[in-house]
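Subject: Structure handover

Hello,

Here is the structure I promised to pass on. Please open it alongside this note; my findings follow below.

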Amino acid sequence: MSEDGRSRSTLSSSSIALSNFYNSTLSSPISPAHMQFNSPELNKDQKIEDPIIKFTENWVKSSRNLPKSICQFCHEISLREATIDKNQAFAQSCRKVINDLQMEGGNAAIISSRQNELLNYEKKIEECEAVLISIGPCPVMNCQKHHETRKEDAMDTETGQYGVHNSEFKVVSPKKAAKNSIAQTKSPIKTAKKFEELSNLEETKPQIPAINLKLDANYNLTLQEIHSMFPETENNLVKGYISIQANSEENRLKIIDLLRKNNKEFVLSEAQIDRPLKIVIKRLPIDQDNKELKTILESKGFKILRISQLKNYRQKTLYPYFLVDVAKNENYLKIYNVKTIKHLNVKIESFKKKNCVTICFKCSDFHHSAKNCQCNPRCIKCAGVHETRDCSIKNRIENPICINCNGECHLASWRGCPKFPKINYYPSKPTYAQKLKSNIPNPNNPTNLENPSEPLTTNQDMSDFQAIASALKTVKAALKEFPNLLEISKALNKTKDKFERLNLLLKLIE
């Protein structure tokens, strides 16, 4: 056994020698020679050998030659590593100072002294590394400073089981032990045709436009005939028309031929694909020719169906905006990429339709255009069997008659007509502040809650309005016949005598 690099045998032998020496000294009488050793009158040049000092020096010399223990090697490695870390920190700070001095143009003597200091640090690091290489790894196997704990040792320490690492067999904890797995048969993975199920989906059928039959007295017989020939058709009532939905394009064409043979009025719906793209071109001159603009757009590869210039119907003036109908071919969306026309920067936007009722220019009915109308033409002015643009009446009619409600003094396009479709305008919802403001009573305008006044009705009946107008005409005519009627009425209010009032009324007859 060893303790701090010294063997127990050496320590025991030295202690025995020292005890024997002290015993012999105490047992022997004190001689004059010993007294002279402690006397101050002793000759200074005379050297007296002390056996204790001599023994200690011999023991130190002999202990250096003894082999070092493993603990001494571990301690030596730790000291050398600490020395290396310390000198590396000094060397790093020294390099930084040298770099700063060189950048700032410092004194050359200071820089050279710092470089010599850096060399000393590097030399010490090299010496310590050479010593560590000569010593080798730490001989203490369970040293926490120089050896990492193995997973097997940590596992055994946790479970309290110690396995023999030299043997091939290792003790494993129950948590890490493998369990007997039951073999499960897995279905083979299909690697080919992963999207085969998508091919079984039903293909999206093309949209078939509906046929809108106009209501008449014999519409039921017409539907029976269509159902007998095409039983898969569906019929729905939409905005005063019967929407007939065929199951194929071929049957749709046959139904159209059948309605034409029976002289039925109907309106054709248009498929979304067949509807043109409507755009508005801005920032062009107001006198731009439509034909020239159509030629320019067609030269760029677009199929133009129609071009019209927007106008203000009230002021009867034109806007510098051009409405263009573009057919939906392969590259029709590229028209938004057009930035210049005739070397002018233009702006192309989608046409935003207003929330208004569409009126047909052919039959003067609502909710469709003349392009798809198969109804009989009706003139909005004279109710003749012709289109309005072909009417012989070119001047303004003083007392027109509506062809829809048969009312007087308005046309079928007047929004106040009883037959004119009503538009549902959805007003914006009031904010929280507006609601709160409406609930707060106004002190300047107090209201009588006991006798609340009736709300005023703004939408008066046309008949009441006409009655009031006729009464005003009668009063006007009476004032013309009796010009002194106003003066007599004022005198009647002032007088209270019956005879005087009678005389005033007799003056009207005169």
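What share of the contacts in the chain with a separation of 6 or more comes from residues 24 or more positions apart? The figure is 54%. Bear in mind that this is a predicted model.

Overall make-up

The chain has 510 residues, and 21% of them count as buried. Its secondary structure comes to 14 helices and twelve strands.

The open sheet

Start with the four-stranded sheet. The sheet is open, its strand order is S4-S5-S3-S6, and the pairing is antiparallel. Strand S4 (234–238) and strand S6 (266–268) stand at the edges. Each has a single partner strand, so one side of each is left without a neighbour in the sheet. From one strand to the next, the twist averages 25°.

Look next at strand S3, residues 211–214. S3 pairs with S6 over three bridges, in the antiparallel sense. S3 also pairs with S5, again antiparallel, over four bridges. Ile211 shows both pairings. Its bridge partner in S5 is Ile244, and in S6 it stands opposite Leu268. Asn212 stands opposite Val267 in S6.

Helix H8 (residues 219–229) lies across S3, S4 and strand S5 (241–245). The helix runs at about 0° to S5.

Aromatic pairs

How many aromatic pairs does a search of the whole structure find? It finds three. A pair of aromatic rings is described by the distance of the centres and the angle of the planes.

Take Phe90 and Tyr121. Their ring centres are 5.5 Å apart and their planes are at 40°, so the pair is tilted. Phe90 is partly exposed, at 36% relative accessibility. Tyr121 is buried, with a relative accessible area of 14%.

Now Tyr319 and Tyr321. The ring centres are 6.0 Å apart and the planes are at 20°, so this pair is stacked. Tyr319 counts as partly exposed at 34% relative accessibility. Tyr321 is partly exposed too, with a relative accessible area of 32%. Tyr321 has a further partner. Lys282 lies over the face of the Tyr321 ring, at 5.3 Å from the ring centre.

Ser364

Is Ser364 buried or exposed? Ser364 counts as buried, at 2% relative accessibility; the limit for buried is under 20%. Ser364 is found in the loop between strand S12 (347–350) and helix H11 (432–439). Its side chain reaches the backbone oxygen of Arg378 at 3.1 Å. Leaving aside residues up to four places away in sequence, Ser364 touches Ile359, Arg378, Cys379, Ile380, Thr388, Ile403 and Asn404.

Most residues other than glycine have a negative phi, and most peptide bonds are trans.

His343 is not a glycine, yet has a positive phi of about 60°. His343 lies in the loop between strand S10 (340–341) and strand S11 (344–345). With a relative accessible area of 82%, His343 is exposed.

His367 also has a positive phi, of about 70°, and is not a glycine either. His367 sits in the loop between S12 and H11. That loop also holds Ser364. His367 is partly exposed, with a relative accessible area of 40%.

Best wishes

Note on methods:
Residues are numbered from 1 along each chain as its sequence is written. This is a predicted model: local features need pLDDT of at least 70, side-chain atom pairs count only at pLDDT 80 or more; totals for chains, interfaces and linings use all residues. Side-chain values use heavy atoms; hydrogens and water are left out. Helices (H or I, at least four residues) and strands (E, at least two) are DSSP runs, numbered from the N terminus. Buried means under 20% relative accessible area, exposed over 50%, partly exposed in between (1.4 Å probe, protein chains only). A polar contact is a pair of N or O atoms within 3.5 Å; within protein, one must be able to donate a hydrogen and the other to accept it, and residues adjacent in sequence count only if both atoms are side-chain atoms. Contact means heavy atoms within 4.5 Å. Two strands pair if DSSP finds at least two bridges between them. Axes are lines fitted to C-alpha atoms, for helices over the stretch in contact, and angles run from 0 to 180 degrees between N-to-C directions. Rings of Phe, Tyr and Trp (its six-membered ring) pair if their centres lie within 6.5 Å; planes under 30 degrees apart count as stacked, over 60 as edge-to-face and the rest as tilted. A charge sits over a ring if NZ of Lys or CZ of Arg is within 6 Å of the ring centre and within 35 degrees of the ring normal.
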